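Hello,

Here is the structure I promised to pass on.

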There are 2 protein chains.
Amino acid sequence: MSDGYNNRNGVTIWRKIAEYKPPRSWRSWLIGRPLQTADAPHQTISKVVGLAVFASDALSSTAYATQEMMVILAVAGTAAFGLVFPLSFAIVGLLAVITISYEQTIHAYPTGGGSYIVSRDNLGAIPAQVAAAALLADYVLTVAVSISSGVAQIVSAFESLFPYRVEIAVVLVLFIMVVNLRGLKESGSLFAIPTYFFLIMMFGTVILGLIKYFTGTLGTVVDPPELELTHAAQGITAFLILRAFSSGTAALTGIEAISDGIPAFKEPKSKNAGITLIWMATILAALLLGISFLAAHILAIPSETETVVSQLARTVHESRGIVYLATIAATMVILIMAANTSFADFPRLSAITAADGYLPRQFTYRGSRLVYSRGIMALALLACILIVIFNASVTRLIPLYAIGVFLSFTLSQAGMARRWHRVGTLQPGQEIKQRGSTLHFDPAWRFKMLVNGFGSVMTAIVLSVFAITKSADGAWVVIIIIPILVFTFSSIHKHYQHLAKDLSLDHFGPPPPIVRHRVILPIGGVHRGTVAALRYANTLSDDITAVHVSIDMQEAEKIHQKWETWGEGIRLVILESPYRLFLEPLLQYIEEIAAQRQPNEIITIVVPQFVPRNWLSNLLHTQTALQLRLALLFRKNIVVTDVPYHVD
Amino acid sequence: MSDGYNNRNGVTIWRKIAEYKPPRSWRSWLIGRPLQTADAPHQTISKVVGLAVFASDALSSTAYATQEMMVILAVAGTAAFGLVFPLSFAIVGLLAVITISYEQTIHAYPTGGGSYIVSRDNLGAIPAQVAAAALLADYVLTVAVSISSGVAQIVSAFESLFPYRVEIAVVLVLFIMVVNLRGLKESGSLFAIPTYFFLIMMFGTVILGLIKYFTGTLGTVVDPPELELTHAAQGITAFLILRAFSSGTAALTGIEAISDGIPAFKEPKSKNAGITLIWMATILAALLLGISFLAAHILAIPSETETVVSQLARTVHESRGIVYLATIAATMVILIMAANTSFADFPRLSAITAADGYLPRQFTYRGSRLVYSRGIMALALLACILIVIFNASVTRLIPLYAIGVFLSFTLSQAGMARRWHRVGTLQPGQEIKQRGSTLHFDPAWRFKMLVNGFGSVMTAIVLSVFAITKSADGAWVVIIIIPILVFTFSSIHKHYQHLAKDLSLDHFGPPPPIVRHRVILPIGGVHRGTVAALRYANTLSDDITAVHVSIDMQEAEKIHQKWETWGEGIRLVILESPYRLFLEPLLQYIEEIAAQRQPNEIITIVVPQFVPRNWLSNLLHTQTALQLRLALLFRKNIVVTDVPYHVD
């Protein structure tokens, strides 16, 4: 074949497309030149880099978890701050349970075992949708909370920026969005620097603080911020302690990140990922305990104007000098990195759920840089909305946070428990293939089922505690949104299934050919555009009727006379419009014609349409073709064609 | 002919349309049932009613003219308020000049001689456009100023409404809009009541005030509002006096209303209209002088929180009782009526200028109630924008006001002077027909030319004074907007002229018929929608090519196999899309086909399009047909047709 056509296995392929060079534009300046599908990167990362990539979300939550416990305890007076350290111990216990549970998931799902996939494979469609809704909501909150906390760190160091924190937060979100729209090819090594910088600065601060404490040289916060109470003062109650605990569980968000990202690790993938998970949990526990212990002893005060981390850093380092600033900068950067991980997770999960038909298919399309651009933009938009609504306040966002995480923990562990139960039915060597993984015989299934089952029950209890203690503070929003999301997912799924059925060619007889093709040509006047449309209509059919809607019969008479000259003998029907309407009489006439129609007859409305050179000029014309198209969209066997007439 | 067709003078008319009953809807609930064109009313009014209909705009300006002079004089201290009365005399002198000039216009233009028509007939296209721009801008300002002043009256009586004045003003504008969209058939008699109520209350107040003054029993304002200075304090300068005078000229707005409305009067129209004009001017002069005289003597203070009229009324009536409230209510209602006159003037002038091709043709269409709905809605929208921007403050709006009025006065009188000059060239019995009137021989042409010429020079001087003294306060906005409007008018005119030339069938040879009709059928998959589109394409041409844009060659292979079954032997071309784009490869292919095309060959792109029952479902599909249509809009001889496939 010639003309750039090519034949491969009998398929005609036009090859010139391969020479296509995407044009340079402001978009390519902003996010980089488009990438070909074949350019998709395939790289794997070591444990050290893996920790940096996946741990920022979990580790960064130590920047606000202690403070948010203190915000709750504050209503019982500053003496209650002593409870922060024991509460942190309880959270570390919970962390251990979740870590062990996820360690098992990582080995069972070597290709990635996020909560959605584990629930889908083991619990069914509805739990999977609940998990997806919970996770998507939480990814949005991760961005909002992390960025708000990051901005709170900046504001702690530079008080004068306090009035601009919403603006700064929104700009940061948009910046991360653009970075992610570019695609993060070199992400691994780039990520390692800030994560380890944070670990060095934060461990440095905590260890120095502990040394000073044990040597008795640790002071208290100089000139602490004023205590702002979010609730009326009260005594220490069990409910208050549980509320503080619930706030502290924000520290556990981000633990599941590694279970999503197993394929990114070097071989043996599962083993490396599992070890990284345990490192991460250990570091997280150490930091949380250290910060909580010291915060109570330096008499830090939770505040919107200065973070507890900032108070700790300037008390330990005894100044607002360079080491203090470096600690704050490290904390801010790790929080931005945490938000960035959601920009990987949210688009991927929305693409997976969209591929399963629960979200619009558009989420599965990869943009010019091979990233799921729509998911990235949706996340940025939603996070910005949250930041604006909640005024970039971590304390106001926290009650919405973590509930989704614990819901997905519970479902994920329950799914794993169910999975081990099915493994228990297998004989040695036998296998069951699921969509996300394969079930192999495992003699230890009973023990593993107990571990995941215990994890599920524990996280379910925390979930309940959270829902009860935080509902009044805003958690009810999430409790309402998750069912709404699940309902939306189901509706979308139903739509796609119906569509597939309606479009299916199985058991479909070829339709009889069209026996009559009527053309209706609405004309506003007789001019070159009308003549062009008539010329086109002539190629469609011999059965043409021109129609003119008249609000002035003298004008109609003139048009009729002109049509005698230019109408090529085609019948012109005048529709009188006493109410000066244009569309309605025309529609009424078309309906009448359509009602008389025989089977296998089709009607085409050919509308002459001016196309002025300048699009602004369109304001000077009525958009007849567009209005007709919208009005006739739901009528069967009527096609609207506009014949453009170009005016220079 | 049968089937409801009818034949009149060889024109085929479909009669069923006459039976069309417009559906009842929320629109007909709001603005009334649609009216047939034949229902247009034709009524004429007496001088007493005519005064009520046309005078509200002019008379109502006495409600703020005195106050706005005082606002300016305030910077020289309250002693400067003594200048208000002499300044009012100067304004009355100007009023006399303008009234005499317009009296001549009324007799020369018995069918209506607004500034636009007089300028168009006697000065040419550009001065006419300047007059139209000035008048349209001023109609918008009349609504904004009158409503803001009306709200200021309400706020004077009910202080607690002060924070809601913008909202109240916007609601009032929308209310007047709806009333005008309904059409004001019984306007005449309805208008008489509030106008005469205002005259009684205001003359009552002024006369009672004068009696008290001359009997020495007139007190001063009890508990006057605080003086707010808009500028730094200074002495009395000539410039300050001229600025105060400029503000006071707001009293002269609305004088030209009668010259637009002559045809509404009973016969002899011109005479009756002229007498009404003189009545109106006399009343206006009396009220302005009376209010200014008393305002200075009761030591009223100009203020945003209480109007001078309110201070005058409560001082004269010595309480905030029922007579005071009736005076305020009458003032408020006349101000709303003044705004209402703009809702007659603006749509009419925009329809006239649109018919002349200076505004979009849509302004000439009459809505379901036979009024120029688009003009009415445009005016309401623009006035609301002004009210919001200027916070419903008369003082902030005044510098923008009146400049347009004086520009149109100047042009109108200059046009009249030019007209008398041409009349001077006529012999007895000779006539010249213009578009808006007829020129007759008149022996007094020299005197009349001098009268209008003097009016033109005087108003031009006032215009210059206004522009110089008010530029810094905001008049520059109008000075910029009027040329922009004129440029827009000219551009629109040019567009319509070019279009008419491009569409003209004069010297146009009939185009040769189309010799080849190629059809391109883009398909995303092979399903019932594709089959339906193919069935339609078959009726258009034998020359069909199906095209599939592939981002996944395995998928393309499957589509190719299905096409073997369902494609009726039609060639399928696969376009590989390495950058995962859909539209661009397709466009590139179409461009290539179009480039090879012979003369008189046309290409139709037939796009299968899902039409889901529920429009929200459209979010779940890419709008290919729409995107293709937009992309190909500017390509000649390419038609895009979407074949709807209805999914239930």
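Let me start with B:E431, which lies in strand β3 (residues 431-433) of chain B; helices (H or I, at least four residues) and strands (E, at least two) are DSSP runs, numbered from the N terminus. This is a predicted model, in which local features need pLDDT of at least 70 and side-chain atom pairs count only at pLDDT 80 or more, while totals for chains, interfaces and linings use all residues. Residues are numbered from 1 along each chain as its sequence is written, chains are lettered from A and ligands numbered from 1 in the order in which they are written, and side-chain values use heavy atoms, with hydrogens and water left out.

B:E431 counts as partly exposed because its relative accessibility is 47% (buried means under 20% relative accessible area, exposed over 50%, partly exposed in between, with a 1.4 Å probe and protein chains only). Setting aside residues up to four places away in sequence, B:E431 touches B:T438, B:L439 and B:H440, where contact means heavy atoms within 4.5 Å. With B:H440 there is also a side-chain to side-chain polar contact of 3.3 Å (a pair of N or O atoms within 3.5 Å; within protein, one must be able to donate a hydrogen and the other to accept it, and residues adjacent in sequence count only if both atoms are side-chain atoms).

Next, A:Q104 sits in helix α4 (residues 84-108) of chain A. Its relative accessibility is 10%, so A:Q104 counts as buried. The side chain of A:Q104 makes a polar contact of 2.7 Å with that of A:N452. Beyond its neighbours within four places in sequence, A:Q104 is in contact with A:M416, A:W420, A:K448, A:V451 and A:N452.

The largest nonpolar core has 152 residues, and A:I147 and A:I387 are among those with the most contacts inside it. Such a core is a set of buried Ala, Val, Leu, Ile, Met, Phe, Trp, Tyr and Cys residues joined through side-chain atoms within 4.5 Å. Helix α6 (residues 125-157) of chain A gives the most to this core, with 18 residues. Residues touched by A:I387 include A:I147, A:V166 and A:V173. A second, separate core of 150 residues includes B:F346 and B:V394.

Finally, the two chains: chain A can be laid on chain B with an RMSD of 0.2 Å by a turn of 180 degrees and a shift of 0.1 Å along the axis (least squares on the C-alpha atoms of residues with pLDDT of at least 70 in both). That is the relation of a two-fold axis.

Best wishes
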